[in-house]
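Please look through the structure shown below.

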Amino acid sequence: MFTPVHTRAAAAYKRVAAETGVQTADPHQLVVLLFDALLNTLQRARGALTQGDAAAKGAAIGKAVRILDEGLKAGLNMQEGGELAQNLRGIYEYSILRLTQANLRNDRLALDEVLALIEPVAQSWQQIKGPGPAYLQPVAAAGA
């Protein structure tokens, strides 16, 4: 189907802006970007669930699970993070479980519960100035 030029241009601009933001971000900003993407994705899932759009709901919840698992949880430094890293890991794992249940059962309450868990963590992270404590920084990939 034909997409208007202005729509394609806006999408391209948004994509380039996001890619540039990721490439120039420090570790703290990367986590902020992950939380922003997660919260936006959860809101999209909520809207799709409300509208009865199963495909959009499933895609949004799947993306949220990937952000939690492959981004936020995988980035925790468990060696230096101590109890805080363990608690965050528990929140992320529980959120993944509840999102899976929300997807399977069309459970708006489970989705809302995850939003209620993640929003304060995201807000706290945004309030941290600078890169934050070393033990909260993502573990560098091998060879990086």
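The buried residues of helix 2 pack against helix 3, helix 4 and helix 5, where contact means heavy atoms within 4.5 Å. Those buried residues are His28, Val31, Val32, Phe35, Leu38, Leu39, Thr41, Leu42, Ala45, Ala48 and Leu49. Here, buried means under 20% relative accessible area, exposed means over 50%, and partly exposed lies in between, with a 1.4 Å probe and protein chains only. An α-helix has 3.6 residues a turn, so residues three or four places apart point the same way. Helix 2 has 25 residues and spans 36 Å from its first C-alpha to its last, close to the 36 Å expected at 1.5 Å a residue; the expected span is 1.5 Å times one less than the number of residues. Just after helix 2, Gly52 has a positive phi of about 75°.

This is a predicted model, in which local features need pLDDT of at least 70 and side-chain atom pairs count only at pLDDT 80 or more, while totals for chains, interfaces and linings use all residues. Residues are numbered from 1 along each chain as its sequence is written, and side-chain values use heavy atoms, with hydrogens and water left out.

The protein chain has five helices and zero strands, and its pattern along the sequence is α-α-α-α-α. Helices (H or I, at least four residues) and strands (E, at least two) are DSSP runs, numbered from the N terminus. Of the 144 residues in the protein chain, 30% are buried. Among contacts between residues at least 6 apart in sequence, 64% join residues at least 24 apart.

Thr41 is in helix 2 and counts as buried because its relative accessibility is 1%. Apart from neighbours within four places in sequence, Thr41 contacts Ala60, Lys63, Ala64 and Ile67.

Which residues touch the most other members of the largest nonpolar core? They are Phe35 and Tyr92, in a core of 28 residues. At least two residues of this core come from each of helix 2, helix 3, helix 4 and helix 5. A nonpolar core is a set of buried Ala, Val, Leu, Ile, Met, Phe, Trp, Tyr and Cys residues joined through side-chain atoms within 4.5 Å. Not counting residues up to four places away in sequence, Phe35 touches Leu72, Tyr92, Ile118, Val121, Ala122 and Trp125.

Helix 5 itself covers residues 108–127, and its 20 residues reach 29 Å from first C-alpha to last, close to the 28 Å expected at 1.5 Å a residue. At the start of helix 5, a side-chain oxygen of Asp107 comes to within 3.0 Å of the backbone nitrogen of Leu109.

The whole structure holds six salt bridges, a salt bridge being a side-chain nitrogen of Lys or Arg within 4 Å of a carboxyl oxygen of Asp or Glu. In one of them, the side chains of Arg46 and Asp112 meet at 2.8 Å, N to O. This pair links distant parts of the chain, with Arg46 in helix 2 and Asp112 in helix 5, 66 residues apart. Arg46 is partly exposed, at a relative accessible area of 22%, and Asp112 is partly exposed at 23%.

Another salt bridge joins Arg98 to Glu113, with the closest N and O atoms 2.6 Å apart. Arg98 lies in helix 4 and Glu113 in helix 5, so the pair ties together parts that are 15 residues apart in sequence. Arg98 is buried, with a relative accessible area of 15%, whereas Glu113 is partly exposed at 26%.

Lys73 and Glu93 form a further salt bridge, their closest N and O atoms being 3.6 Å apart. Because Lys73 lies in helix 3 and Glu93 in helix 4, the pair ties together parts that are 20 residues apart in sequence. Lys73 counts as buried at 16% relative accessibility, and Glu93 as partly exposed at 36%. Both residues belong to a network of salt bridges that links Asp69, Lys73, Arg89 and Glu93.

Methods. Polar contact = N/O pair within 3.5 Å; in protein donor to acceptor, adjacent residues only side chain to side chain.
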